[in-house]
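Keep the structure open as you read.

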Amino acid sequence: MKNIIYLIVSISLFVSCGKDNDEDVDLKQEMRDFVIGISEYCKAEKSSFLVIPQNGIELVTTTGDEFGDPAIEYLDAIDGNGQEDLYYGYNDDDELTPTNESNYLEFFLDISKDNGNQVLVTNYCSSPSKMNDSYSWSNSSGYISFAANERELNNIPVYPNPIYAENSEIITDLSEVKNFLYLINPENYLTRAEFISAVTSINYDLLIMDLFFNDDSEFTASEVETLKNKANGGKRLVVAYMSIGEAEDYRYYWDDSWLKNDPDWMDEENPDWEGNYKVRYWKEDWQSIIYGNDDSYSKKILNAGFDGVYLDIIDAYEYYEDMD
């Protein structure tokens, strides 16, 4: 009898302490919970606030595969899904994504779409014929598309002209969006005024941009409000990019001491992106940087008057799954 009691207590201690020890962590569910937490926090302040995770589309099912049921709590917490490389760019820019990969991604994207969420597809292609295909195929699938001719997302493509599905509507909801511009790297603009002028001279329904300009200064609420103006008199939604699966050493929250004395949530540098560090995203200290308090990243985005947030590195769970 004593042995049985000891076994029960030992199991209980393992379950209760496992998360702190990073053992037995459900990596996909932890990311779902992270996104749900961000959504609840932001929507409590602004009910119309949009939450759009990019990539990591497998999270829309409870098991993270094609056999799982829809993850309803997660699907209800978000307003859309962003997906890169659906038709072009999976292996290389301006190169057709293998059909089996496109079909795999579309299976999960359609689960979210059928739950009432919008799907925003970014294809990396520069040949006009391929850009045309990317818009046409996305439209046929019921997705909204942007053909990015630069992987750095640092420019406004000159093709097509006029832009795909251009309109003068006043856009107030993600369901009304017919096209979008993904411009998170303003390096080609010398001043904020130049950036704002470039954006307000075009007619995209949705702009995905960074909260910060090149000099690390935040765009103000007044500037964001101006960016919501289309050139033709219509209105657009403006959404802020935010990485939640990696820490970036050029962000306001960065502490140089972390390189000498790593916080328990920080891991190695991403070899493909200098200055970006893998994070144990389920850790409370990292999550508090992202949301839940007045100095959090999400709060800064809310204060600046953005209509929503575009969450990147959602697929950070893959890094930790590969370590098992």
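Helices here are DSSP runs of H or I with at least four residues, and they are numbered from the N terminus. With that in hand, find helix α8, which covers residues 284-290 and contains Q287. One thing to keep in mind as you look around is that this is a predicted model.

Is Q287 buried or exposed? The cut-off for buried is under 20% relative accessible area, and Q287 comes in at 14%, so it counts as buried. Leaving aside residues up to four places away in sequence, Q287 touches F34, Y281 and W282.

Now zoom out. The protein chain has 10 helices and 11 strands. Its C-alpha atoms fill a box of roughly 80 × 45 × 40 Å along the principal axes. For 324 residues, a compact globule would have a radius of gyration near 20 Å, and the chain's value of 21 Å agrees with that. Buried residues make up 53% of the 324. If you look at contacts with a separation of 6 or more, 74% of them involve residues 24 or more positions apart.

Next, head for strand β7, residues 237-243. How many of its 7 residues are buried? The count is 7 of the 7, so the strand is largely enclosed by the rest of the structure. In a regular strand the side chains alternate between the two faces of the sheet. In β7, L237, V239, Y241 and S243 point one way, while V238, A240 and M242 point the other way, and all are buried. Strand β6 (residues 206-210) pairs with β7 in the parallel sense over 5 bridges. To see the pairing on screen, pick out I208, which stands opposite V239 in β7.

The loops deserve a visit too. Start with G89, which sits in the loop between β2 (80-84) and α4 (99-114). Its relative accessibility is 4%, so G89 counts as buried. Beyond residues up to four places away in sequence, G89 touches E95, T97, Y124 and R151. K46 is 43 residues from G89 along the chain, and the C-alpha atoms of the two are separated by 35 Å.

Then there's the loop between β4 (144-148) and β5 (180-182), where you'll find P160. The peptide bond from Y159 to P160 is cis, with omega near -5°. P162 lies in the loop between β4 and β5 as well, and a cis peptide bond with omega of about 5° joins N161 to P162. A165 is also found in the loop between β4 and β5. A165 isn't a glycine, yet it has a positive phi of about 55°. At 31% relative accessibility, A165 counts as partly exposed.

N55 is a residue other than glycine, and its phi is near 65°. With a relative accessibility of 11%, N55 counts as buried.

Definitions and conventions: Residues are numbered from 1 along each chain as its sequence is written. This is a predicted model: local features need pLDDT of at least 70, side-chain atom pairs count only at pLDDT 80 or more; totals for chains, interfaces and linings use all residues. Side-chain values use heavy atoms; hydrogens and water are left out. Helices (H or I, at least four residues) and strands (E, at least two) are DSSP runs, numbered from the N terminus. The radius of gyration is taken over C-alpha atoms; the globule rule is 2.2 Å times the number of residues to the power 0.38. Buried means under 20% relative accessible area, exposed over 50%, partly exposed in between (1.4 Å probe, protein chains only). Contact means heavy atoms within 4.5 Å. Two strands pair if DSSP finds at least two bridges between them.
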